[in-house]
Amino acid sequence: MLFSVNDMETKLCIPIVAETVEEALEDLRNAEQYADLVELRLDHIKNISKQGLRELIAARTKPLIVAYRGEKAEKRELLLEAVEAGAEFIDLDESEKNMINDVRKKGKTRIILSFHDFTKTPILEELKQKYKEMEGYHPDFIKIVATATSINDNFKIFEFLKDKKKCIAFCMGIKGVISRILAPKYGSFLTFAALKEKKVSAPGQLTAMEMINVYNVKNINEETEIYGIVGAAAEHSRSPQIHNSFFHETSENARFLSFKVEEKELKKFIDNLQKYHFQGAAITMPHKVAVMQYLDEIDETAAGIGAVNTIVNNHGRFIGYNTDGYGALRALKDKTEVRGKKVLVLGAGGASRAIVYGLRKEGIRVTISNRTLEKAQQLAEEFYTDFLSLADAEKRASEYDIIINATSQGMGLQEGETPLVNLPEKKVVMDIVSYPSITRFIKLAQQNKCTVITGEKMLLYQAVQQYHLWMGKELNSKVLENARQLLRRII
Ligand code: NAP
């Protein structure tokens, strides 16, 4: 029994990584609910017999790839048995090309000839050369899998895939994730996803649920517009969930990815975004200032703040914006009138700059406090406002109506820390740290009967403004409410 396969569409393939035939049978049943194709990794099944293999092949309801990685005496016999039993595909490593004739004689199984580079992504010329060599053996599909040591390696794969048919190509590793998600845009015949986190068969594989629910990967096509968050730790960002939910609910053929980019990779990465016509990006730590030099234009607010958190691709020109101030002010205004209030802002980094700029634009008097006092002073001078040491802020906090934590204290590894311990009663207190949602700063404010605003509010509203910049339209209240609920679930 051979299942037919449309060779023109990218397939989501789930590898079966099980130690026993029973476990593999159960995984097969689960995987087939989401997968277009399933790959049976024989090398993971301990003491697999020909009978066990036949049982697994007979149980499939979706096209099956049979693969055996590594070297063992049983390998050749098992692969040929899979062909005789009618598996749709077998995956042969290029070192096993001498098996191609035997496979052709045994059955109709199609051959994927594969090459893996586990240390790097070769340069484009080498990738093309490798493809040409492998083409000479006349397999049905050619698979070239490299390892991304830089996010920029993914673009070599996108370039390589141009004009290729019946080819599977992507990068492994955490830096290669975008090539797995964008496989349907650039024409790779397959992209792999794990059944669950513990069943990953190669580094960088996302789970099928993430590929489907967050990235809606089965509906990505050549026209899909690509956006993403650029940051050193972008893989932890919640922005993909937020923006993909916006895109999904407004039926935009667009996806939002996370781009883990180091400082030394930034220039080339921005060049690549432009060259490959990505439609926009969100920028996060530590690139908000450095990115400005690589853009074609900076809008007035971003220039005033001195940092960019959003790039818009305007007919090939990259324009930098900043939506952080907007996000923070809208989150505040949801809970309180800001005009005429006295505001204490803790922190003098990028986020603080955006918030102080936004507040000053509305004519609000702000006091800045920061661990490094000179930075508070510098910012205060720039925006014609006051500054305090953190120790003084602790003593004088009750003089302010609104207190905002715009430091990273309380976030991630600094969880449990707080920039102020003595919070006054019944004030408005906002923390812009969004992970965790309830920081120690927020807990202290709650204990003191303050009105609290948690970090995900700003996160949501700055994203709303980014959507507006990219799509030129507003999101309705239903989309916003759904995003709020989503954030409550994931933070
Ligand atoms: P940044 O430019 O690196 O600035 C960090 C600030 O935190 C500096 O003022 C720094 O003080 C202070 N700080 C760090 N560790 C501290 C500690 N242990 N004790 C006291 N102060 C400390 O970062 P940023 O871009 O402004 O981001 C700040 C925070 O805001 C991050 O947690 C970020 O995730 C969050 N954020 C949230 C949103 C949102 O939408 N919710 C948007 C943007 C940023 P020094 O000057 O003394 O180093």
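1. Start with Tyr 131. Leaving out residues up to four places away in sequence, Tyr 131 touches Ile 142, Ile 144, Phe 160, Lys 164, Lys 165 and Cys 167. Tyr 131 sits in helix H5, which spans residues 124-135. The model is a predicted one. Is Tyr 131 buried or exposed? Its relative accessibility is 11%, so Tyr 131 counts as buried, the cut-off being under 20%. One of its contacts, Lys 165, is 34 residues away in sequence, with 11 Å between the two C-alpha atoms.

2. The chain as a whole. There are 19 helices and 20 strands. The C-alpha atoms fill a box of roughly 85 × 45 × 40 Å along the principal axes. The chain has 491 residues, and 56% of them are buried. Take the contacts in the chain with a separation of 6 or more: 65% of them join residues 24 or more positions apart.

3. The ligand shell. The shell around the ligand holds 25 residues. Which of them come nearest? They are Ala 351, Asn 370, Arg 371, Thr 372 and Ile 432. By type, the shell splits into nine nonpolar, 11 polar and five charged residues. Two helices, H14 (350-361) and H18 (455-471), each supply at least two shell residues. H18 gives the largest share, with four residues.

4. Polar atoms at the ligand. Asn 370 places a polar side-chain atom 2.7 Å from a ligand oxygen atom. Gln 414 has a polar side-chain atom 3.1 Å from a nitrogen atom of the ligand. For Ile 432 the backbone is involved: one of its N or O atoms lies 2.8 Å from a ligand nitrogen atom. How much of the ligand does the protein bury? Alone, the ligand exposes 930 Å², and the protein buries 83% of that area.

5. Ser 150. This residue is in the loop that runs between strand S6 (141-147) and helix H6 (153-161). Its relative accessible area is 14%; that is under the 20% cut-off, so Ser 150 is buried. What does its side chain meet? It makes a polar contact with the side chain of Glu 265, at 3.2 Å. With neighbours within four places in sequence set aside, Ser 150 is in contact with Lys 175 and Glu 265.

6. Aromatic pairs. The count is 18 aromatic pairs. One of them joins Phe 155 and Tyr 276: the pair is tilted, at 5.2 Å centre to centre and 45° between the planes. Phe 155 lies in helix H6, while Tyr 276 is in the loop between helix H11 (266-275) and strand S11 (280-283), so the pair ties together parts 121 residues apart in sequence. Phe 155 and Tyr 276 are both buried.

7. A second tilted pair. Why is the pair of Phe 259 and Phe 278 tilted? Their ring planes are at 45°, which falls between the limits of 30 degrees for stacked and 60 for edge-to-face, so the pair counts as tilted. The ring centres are 6.0 Å apart.

8. The cluster. Both of these pairs have their residues in one cluster. Ring pairs link Phe 155, Phe 158, Tyr 186, Phe 259, Phe 269, Tyr 276 and Phe 278.

9. Arg 255. Neighbours within four places in sequence aside, its contacts are Tyr 215, Asn 216, Asn 219, Ile 220, Thr 224, Glu 225, Ile 226, Tyr 227, Asn 244 and Phe 247. Leu 332 is 77 residues from Arg 255 along the chain, and their C-alpha atoms are separated by 29 Å.

Conventions. Residues numbered from 1 in each chain as written. Predicted model: local features only at pLDDT ≥ 70, side-chain atom pairs only at ≥ 80, totals over all residues. Heavy atoms only, no water. Near = heavy atom within 4 Å. Polar contact = N/O pair within 3.5 Å; in protein donor to acceptor, adjacent residues only side chain to side chain. Areas by Shrake-Rupley, 256 points an atom, 1.4 Å probe, with all protein chains shown as cover. Nonpolar A, V, L, I, M, F, W, Y, C, P; charged D, E, K, R; others polar. Buried < 20%, exposed > 50% of the residue type's maximum accessible area, 1.4 Å probe, protein only. Contact = heavy atoms within 4.5 Å. Phe/Tyr/Trp six-rings, centres within 6.5 Å; stacked < 30°, edge-to-face > 60°.
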